[in-house]
Amino acid sequence: MPVYICPNCRERSIDTDGVEGFSMHAPQCRSCGFGFLFQLLEDYYPAPSTGFVVCDQDARVLAVGRGVFELTGYRETDLIGRDVADALALSDTAPLQLVREWGVRRLGEQLELRTRAGLTKPVLVDLFPAYDDDGGVLVALSSR
Ligand SMILES: [Zn+2]
């Protein structure tokens, strides 16, 4: 059963009524009104501090959710259109490449990023492939 997660407010919704998945348009978040939801094949419970970054098939940032600023110091406008690994100076890009190439999720990657202030910060990174035609990757960042 598909699970949808709002990249902004982290609200999960399960597509029990079949309404959300069959819309011509990406479903909106019923909780915060964010423009689209990200579909996951299996359920996922983000931490309260987790921040999501939505990327396109080239790993460029499309949208940034709540919590990312607190973790990284970057606002959405700083990140939009940039390569996510470059923008955050992720310490290892292999997990991201795996997700993009193989369409599998990677959980619990212990990486480091560089905050806007130039500090190195250890983070736990979960990565999810998009299942729609456009591809893309959802990056979940949590402090560790
Ligand atoms: Zn929401």
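Hi everyone, let me begin with a definition: donors are N, O and S atoms within 2.8 Å of the metal (3.2 Å for Na, K and Ca), and water is not among the atoms, so sites may look incomplete. What spacing do the donors of the zinc ion follow along the chain? They follow C-x2-C-x19-C-x2-C.

A word on where this comes from. This is a predicted model, in which local features need pLDDT of at least 70 and side-chain atom pairs count only at pLDDT 80 or more, while totals for chains, interfaces and linings use all residues. Residues are numbered from 1 along each chain as its sequence is written, and side-chain values use heavy atoms, with hydrogens and water left out.

Back to the zinc ion. Its ligands are the SG atoms of Cys-6, Cys-9, Cys-29 and Cys-32, at 2.2 to 2.3 Å. The 4 donor atoms subtend angles of 106 to 112°, so the arrangement is tetrahedral (for four donors, all angles must lie between 85 and 135 degrees). Cys-9 has 15% relative accessibility and therefore counts as buried, whereas Cys-32, at 28%, is partly exposed. Here buried means under 20% relative accessible area, exposed over 50%, and partly exposed in between, using a 1.4 Å probe and protein chains only.

Now the sheet. Helices (H or I, at least four residues) and strands (E, at least two) are DSSP runs, numbered from the N terminus, and two strands pair if DSSP finds at least two bridges between them. An open sheet of 5 strands runs in the order E5-E4-E8-E7-E6, with antiparallel pairing. Strands E5 (61-64) and E6 (106-114) stand at the edges with a single partner strand each, so one side of each has no neighbour in the sheet. E6 is joined to E7 (residues 120-129) by 7 bridges, and Glu-112 sits opposite Pro-122 in E7.

Last stop, Arg-60. You will find Arg-60 in the loop between E4 (51-55) and E5, and it is partly exposed, with a relative accessible area of 37%. Which residues does Arg-60 contact, leaving aside its neighbours within four places in sequence? They are Val-54, Cys-55, Gly-81, Arg-82 and Asp-83, where contact means heavy atoms within 4.5 Å. Asp-83 is 23 residues from Arg-60 in sequence, yet their C-alpha atoms are 4.3 Å apart. The Arg-60 side chain also makes a polar contact with that of Asp-58, at 3.2 Å (a pair of N or O atoms within 3.5 Å; within protein, one must be able to donate a hydrogen and the other to accept it, and residues adjacent in sequence count only if both atoms are side-chain atoms).

Technical notes. Tetrahedral: all angles 85-135°; square planar, octahedral: opposite > 155°, others 65-115°.
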